[in-house]
Amino acid sequence: ENPFYRPRDKQAQADMKKAKFHQAEGDHLTLLAVYKAWEASKFSNPWCFENFVQARSMRRSQDVRKQLVTIMDRYKLDIVSAGKNYKKICMAITAGFFTNAAKKHPQEGYLTLVDQNPVYIHPSSAVFNKNPEWVIYHELVLTTKEYMRNIMVIDAKWLIELAPSFYKRADPNKMTKAKRMEKIEPLFDRFNPKDAWRLSRRKG
C-alpha cells in the first residue's frame with residue numbers, strides 16, 4: 001500500500017517531500033526510509049501530516065512488523081538488523097520475487113523475463129527516469145500502458161545465485177544478438193507442463 005498522498009491543491013509540495021525519501025535502490029528502500037524517519041519522530045501523527053504520509057498506512061506497517069517479530073519469537077529466531085547493508089535487504093526481496101524480474105529494452109521500457117511482455121516504470125516510482133538495467137517489481141498495473149509498481153534495482157547475477165532452479169546463464173552460441181544481451185533465461189522444468197513457469201499460466 002502506498003503511504004504517500006497528493007492533495008490536489010498541494011501536489012508539487014507533496015512530490016518534493018516524497019522525493020526527499022527516494023533511495024537509489026528503489027521503492028522498497030524508499031519505504032524503509034519513510035518508516036525509519038517516522039520511527040525517529042516517535043511515530044508522530046504531525047510528522048505524517050507534514051510529510052504527506054498517511055498515518056493509518058504507517059500504523060498498519062507497524063502492526064505487520066509487530067506480527068513478524070511475534071512469529072520470530074515463537075520460533076526462537078534471532079532478530080538481526082541488516083543496518084545500512086542495503087544489498088542484503090535487496091537480495092532477500094529478490095529471493096522472494098525472482099519471477100517478477102524485468103530487463104531494460106534497448107528502445108523503450110522493459111521486458112519481463114518470464115513472459116517477455118513490454119512494461120514500464122510507474123511515474124510514482126523512486127527510479128522513474130533513472131532507467132536501471134535490471135529490476136524486480138511487486139505488481140503490474142494496466143492503464144494506457146502496463147506499469148510496474150514497487151520497483152527495486154537488482155544485479156542480474158542475483159537471479160542466478162538466488163534462483164538457480166529457475167534461471168541459468170544462457171548459452172551465447174544458441175542466441176540471437178538481442179537474446180545475447182539478456183544473459184539469462186528460465187530453466188526447462190521436466191516436472192511440470194511446458195510453459196507452466198509463465199506468469200500467464202499461474203492461478204491466483
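In the predicted model, Lys 103 counts as buried because its relative accessibility is 9%, below the 20% limit for burial. The side chain of Lys 103 meets that of Glu 133 in a salt bridge with an N to O distance of 3.0 Å. This pair connects distant parts of the chain, with Lys 103 in strand S1 and Glu 133 in the loop between strand S3 (118–121) and S4, 30 residues apart. Glu 133, at 41% relative accessibility, is partly exposed.

A search of the whole structure returns 4 salt bridges. One of these joins the side chains of Lys 145 and Glu 108 at 3.8 Å, N to O. Here too, distant parts of the chain are linked: Lys 145 is placed in the loop between S4 and S5, and Glu 108 in the loop between S1 and strand S2 (110–112), at a separation of 37 residues. Lys 145 is partly exposed at 32% relative accessibility, and Glu 108 is partly exposed at 48%. Another salt bridge is formed by the side chains of Asp 15 and Arg 6, with an N to O distance of 2.8 Å. Asp 15 has a relative accessibility of 33% and is therefore partly exposed; Arg 6, at 47%, is also classed as partly exposed.

Helix H2 (residues 27–40) comprises 14 residues and spans 20 Å between its first and last C-alpha, close to the 20 Å expected at 1.5 Å a residue. Its buried residues are Asp 27, His 28, Leu 29, Thr 30, Ala 33, Val 34, Tyr 35 and Trp 38. The elements covering them include helix H3 (45–50), H4, H5, strand S4 (134–142) and strand S5 (146–153). After H2 comes Lys 42, which has a positive phi near 65 degrees.

Helix H4 holds both Ser 57 and Val 64. Ser 57 is buried, with a relative accessible area of 8%. Beyond its neighbours within four places in sequence, Ser 57 contacts Glu 1, Asn 2 and Pro 3. The C-alpha atoms of Ser 57 and Glu 1 lie 7.3 Å apart, although the two residues are separated by 56 residues in sequence. Val 64, by contrast, is partly exposed at 42% relative accessibility. Together with Leu 68, Ile 71, Tyr 75 and Leu 77, Val 64 makes a nonpolar surface patch of about 490 Å².

Asn 100 is located in the loop between helix H5 (86–96) and strand S1 (101–104). Its relative accessible area of 11% places Asn 100 among buried residues. The side chain of Asn 100 makes a polar contact of 3.3 Å with the side chain of Thr 99.

Conventions
Residues numbered from 1 in each chain as written. Predicted model: local features only at pLDDT ≥ 70, side-chain atom pairs only at ≥ 80, totals over all residues. Heavy atoms only, no water. Patch = residues over 30% accessible without salt bridge, like charges linked within 9 Å, V, L, I, M, F, W, Y side chains within 5 Å. Areas by Shrake-Rupley, 256 points an atom, 1.4 Å probe, with all protein chains shown as cover. Helix = DSSP H or I, 4+ residues; strand = E, 2+ residues; numbered from the N terminus. Buried < 20%, exposed > 50% of the residue type's maximum accessible area, 1.4 Å probe, protein only. Polar contact = N/O pair within 3.5 Å; in protein donor to acceptor, adjacent residues only side chain to side chain. Expected span 1.5 Å × (residues − 1). Contact = heavy atoms within 4.5 Å.
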